[in-house]
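Take a look at the protein below. We will walk through it one place at a time.

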Amino acid sequence: MSAKAISEQTGKELLYKYICTSAAVQNRFHYANVTASTDWDRLIQDYPWLQTQRLVVKPDQLIKRRGKLGLIGVNLGLQEVREWVKARMLKETTVGKAKGILKNFLIEPFVAHTQKEEFYVCIYAAREGDYVLFHHEGGVDIGDVDSKALKFLVGVDEKLTEADVKQHLFAHVPEEKKEVLASFVVGLFNLYEDLYFTYLEINPLVVTKNGVYVLDMAAKIDATADYICKAKWGDLEFPPPFGREAYPEEAYIADLDAKSGASLKLTILNPRGRIWTMVAGGGASVVYSDTICDLGGVNELANYGEYSGAPSEQQTYDYAKTILSLMTREKHNDGKVLIIGGSIANFTNVAATFKGIVRAIKDYQTPLKEHEVTIFVRRGGPNYQEGLRVMGEVGKTTGIPIHVFGTETHMTAIVGMALGHRPIPNQPPTAAHTANFLLNASGSVSTPATSRTASFSETKANNDSTPAKKAKHGIPAAKATTLFSNHTKSIVWGMQTRAVQGMLDFDYICSRDEPSVAAMVYPFTGDHKQKFYWGHKEILIPVYKSMSDAMKKHPEVDVLINFASLRSAYDSSMETMQFPQIHTIAIIAEGIPEALTRKLIKTADEKGVTVIGPATVGGIKPGCFKIGNTGGMLDNILASKLYRPGSVAYVSRSGGMSNELNNIISRTTDGVFEGVAIGGDRYPGSTFMDHVLRYQDTPGVKMIVVLGEIGGCEEYKICQGVKEGRITKPVVCWCIGTCATMFSSEVQFGHAGACANQASETAVAKNQALREAGIYVPRSFDELGDLLLGCLASSVPHSSLELGLIRKPASFMTSICDERGQELIYAGMPITEVFKEEIGIGGVLGLLWFQRRLPKYACQFIEMCLMVTADHGPAVSGAHNTIVCARAGKDLISSLTSGLLTIGDRFGGALDAAAKQFSKAFDSGLIPMEFVNKMKKEGKLIMGIGHRVKSINNPDMRVQILKDFVKQNFPATPLLDYALDVEKITTSKKPNLILNVDGFIGVAFVDLLRTCGGFTREEADEYVDIGALNGIFVLGRSMGFIGHYLDQKRLKQGLYRHPWDDISYVLPEHMTM
């Protein structure tokens, strides 16, 4: 949930601390809190003004209209306050339908004033900006403030000025008070923005000659902005609505939720109730509560809650044991029922979560049987068959009655069973699953040829994307009518390999020619490639560190699927919208602050970008494209016929419920044409109406389904569209959350936007309005499928699906060479082209080592390096070892290996080390002298500097030859120049501390990689890190070692024995005597 109410004391404390205004705000921090445990003597000691001023006292428990209810004591002395509090403390009070205990009171100084000095001000958030309401008369008798107050909209990213306030809000304010009030209102608005309030009301706001007084205040905070505002907020407490107690179990689950990437919610409605729920999914949890209330169970409903977002087995265990502990504390005459329900999951591992629930059931099996608990289970999604099997087994082993159902049963059918409204089938039908092609069930080790049946080769509608039109300056760009086609290409932000693999599997069974994922972006690693399956083959998808690189290399991409966390989703989405090629962004993260979401929406509207989300699973266009985890695993894709388009398009807030809609629509109609889950936040990036109008304008769509919910007013726009004739296709709509009007106190459901702030936002009111507009509205969610069946009776015949696809993991992968075709291919270049182009050894090395054609000068440089490193005489360790082995009668391979094994930091390996040392110093900004002094201080050698024989007076001609070539042909040599400056310093100390051939090749090769234009900086650094430069020495010196081997064999040299006189025998003295 995002918008959470805070106590009046908390709101005033934030206001007094952080408001910036020239108005004199009086009575700052003059308040005292009283509870049943308050020590009055200590309170008076802490707040001495209590004895010297007249006082006001009131309960601070989120109670509206306290003045009208007689819950404010005004102009009292301290003793009178004590008596007033005593008469009400811990007493039950009725406020509307809610009954609650008064237990928290606020005492403040009484402010003597006249009615003319009272004003009303309120700021609240909306999709288009923040509204400021102001009325020149405040107080308890203000009445219908919405119709009376003047209203001014401050658009997203706009600022409120004193001139705006005076012009638009102060028509009836006395002239002498305008300056003070204007400064205060602007300061209040800035505070509201800076601290991420979503609602802030002061009534009355009193302005006297002494200054401004904030008498009564109500406020809500966007709790998702905690990571931004924590320093100013501190540890905020969010009290429960009046009429509902705060239970420690709720706090425990809230703490689990805060520490988890999953969503865990629990609200205790009636701890003595007999109907308990443990539902997966924010939308599904509301539907189950609706159904329980519709069937007469509202007074026995014990809790509302949900778990979603792939919680772990341990997290689900902790959640389940909390509920089982609560429901087994008091017995009920009729026994109790536990409904473990949920929609068809998109990505949550049902088996893993059910194992956590099973553990909890086993732990509580004795009290569950004592309390005569019956459990009803319905679930679908990844690995749900195993989850249901485990759940059924625990029922048999513990003796607890557990009735288990899968996707073959309507989602809420178990509610009717649990409440005795429908019979419990003895043997529920088993759903057919057709995704077994993922396993080699035949036992054959061969991979059969892929077979495509009619299900794959059906004629597909031509659904080419309509590109967003380029906008004229100052005019919002037009958005695409068609978001996805079977040619859509996307970039996935985040290392979401499971989601990407799911997309590729979907692509494959839809007979797409190419994968829909062109690349991934993950800023926390270097550029690399990630392995995935395309059918039974393995492919590589590039992963880029930067968005700009990905966009530049994949201009065909027009969709971004953003899996960034709630903290970085805003920045990454805003960055993406700077690239005109993107016209659709799906933002998966839940918990993005509403103020940031509204900025995203504004930018998207200006650039003609359609945003799906935040807080969404995405969307799907059968036969064409799916976003991330949408649609779940392949068995559900196939069961819901999502591999080919139908003619029913839907839009939903809930991701889990969107998958349930896939199931319902596939069973009652010819299938889904397209489905989008816009997300559960208050301000989704795109609205119901945005997508309904797209579907209206799409020829392939014959019927539109909308699953709305409590909160907001978007559904009324659909009513208006139907009445005005803009929407002519059949629309079926149902708003979930009808149970909310039956609860005595406010309940915040799983979605942040699922909360009615006024009567028109309730699900009941919206369903009635939709029905009156001529839209098809079922009597309950239970009847949605029947209504669809009646509206569109035609269906596609069920066809068998046979796939000869078996995945067999490859033993290893290669990306540099392919010998399977008519001719050998080096990194995409046929061997005939290699000779035709005369790219030489350097060019072949470029293809096989670096997977690209290198410039001609680069190929020449590589060949020169191989030449100058080929040999350096028989005295060096590698050649010496090769010679010794050859003379011992060993073969060529053994002798060569013996020589190569000597290569390391002390011999030959200085290429890599020199490249890394010099690069690090240069990149960190050290000047050559600082680098030399730093290495000396650390007692480290500078790799690539120094030679046993050569010196500044006797230069190494190999280095001179290479230097002449590099200076003449390389575009730039910044690292080489740096190394040569270092050489000037080292040779001034000792003439043989020259830049040797290893060091020269190392630094020059870095310059080559960084400046030739064929590599990104990250790629260049990666090749150095993985040892490519040492490879140059190994390859070059192998030629010399082989030469020494052949030379020794040709000279027929005998076994080598080192002479005694060249060995210094150093033995202990007592052994030499």
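**A pocket and its lining**

Start at the second largest pocket, which is lined by 33 residues. Nearest its centre lie Ile-945, Gly-946, His-947, Arg-948 and Asn-996. The largest share, three residues, comes from α32. By type, the lining residues divide into 13 nonpolar, 10 polar and 10 charged. Here Ala, Val, Leu, Ile, Met, Phe, Trp, Tyr, Cys and Pro count as nonpolar, Asp, Glu, Lys and Arg as charged, and the others, Gly among them, as polar. The volume of the second largest pocket is about 1100 Å³.

A pocket is found on a 1 Å grid over the protein atoms alone: it is an open set of points where a 1.4 Å probe fits, with protein on both sides within 12 Å along at least five of seven lines, and lining residues have an atom within 4 Å of a point. Grid points are joined across faces, edges and corners, and the volume is the space filled by probe spheres set on the points. Helices (H or I, at least four residues) and strands (E, at least two) are DSSP runs, numbered from the N terminus.

Keep in mind that this is a predicted model, where local features need pLDDT of at least 70 and side-chain atom pairs count only at pLDDT 80 or more, while totals for chains, interfaces and linings use all residues. Residues are numbered from 1 along each chain as its sequence is written, and side-chain values use heavy atoms, with hydrogens and water left out.

Now step back to the whole chain. It has 38 helices and 35 strands. Its C-alpha trace spans about 115 × 75 × 75 Å along the principal axes. Of its 1073 residues, 55% count as buried. Buried means under 20% relative accessible area, exposed means over 50%, and partly exposed lies in between (1.4 Å probe, protein chains only).

Thr-668 is 120 residues away along the chain, yet the C-alpha atoms of Leu-788 and Thr-668 are separated by 6.4 Å.

Next, go to the loop between α37 (1028–1050) and α38 (1069–1072), where Trp-1060 lies. Trp-1060 counts as exposed because its relative accessibility is 59%. Together with Ile-1063, Tyr-1065 and Leu-1067, Trp-1060 makes a nonpolar surface patch of about 490 Å². Patch residues have over 30% relative accessible area and no salt bridge; like charges are joined within 9 Å, and nonpolar side chains (Val, Leu, Ile, Met, Phe, Trp, Tyr) within 5 Å. A salt bridge is a side-chain nitrogen of Lys or Arg within 4 Å of a carboxyl oxygen of Asp or Glu.

Lys-1052 is found in the loop between α37 and α38. Lys-1052 is exposed, because its relative accessible area is 70%. Its phi is positive, about 55 degrees, although it is not a glycine. Asn-75, in strand β4 (residues 73–76), has a positive phi of about 60 degrees. With a relative accessible area of 34%, Asn-75 is partly exposed.

Why point these out? Most residues other than glycine have a negative phi, and most peptide bonds are trans. The bond from Asn-203 to Pro-204 is cis, with omega near 5 degrees. Pro-204 has its place in strand β11 (residues 197–208). The bond from Gly-613 to Pro-614 is cis, with omega near 0 degrees. Pro-614 is found in the loop between β26 (610–612) and β27 (619–621).

Conventions
Accessible areas come from the Shrake-Rupley method with a 1.4 Å probe; for residues, only the protein chains shown count as cover.
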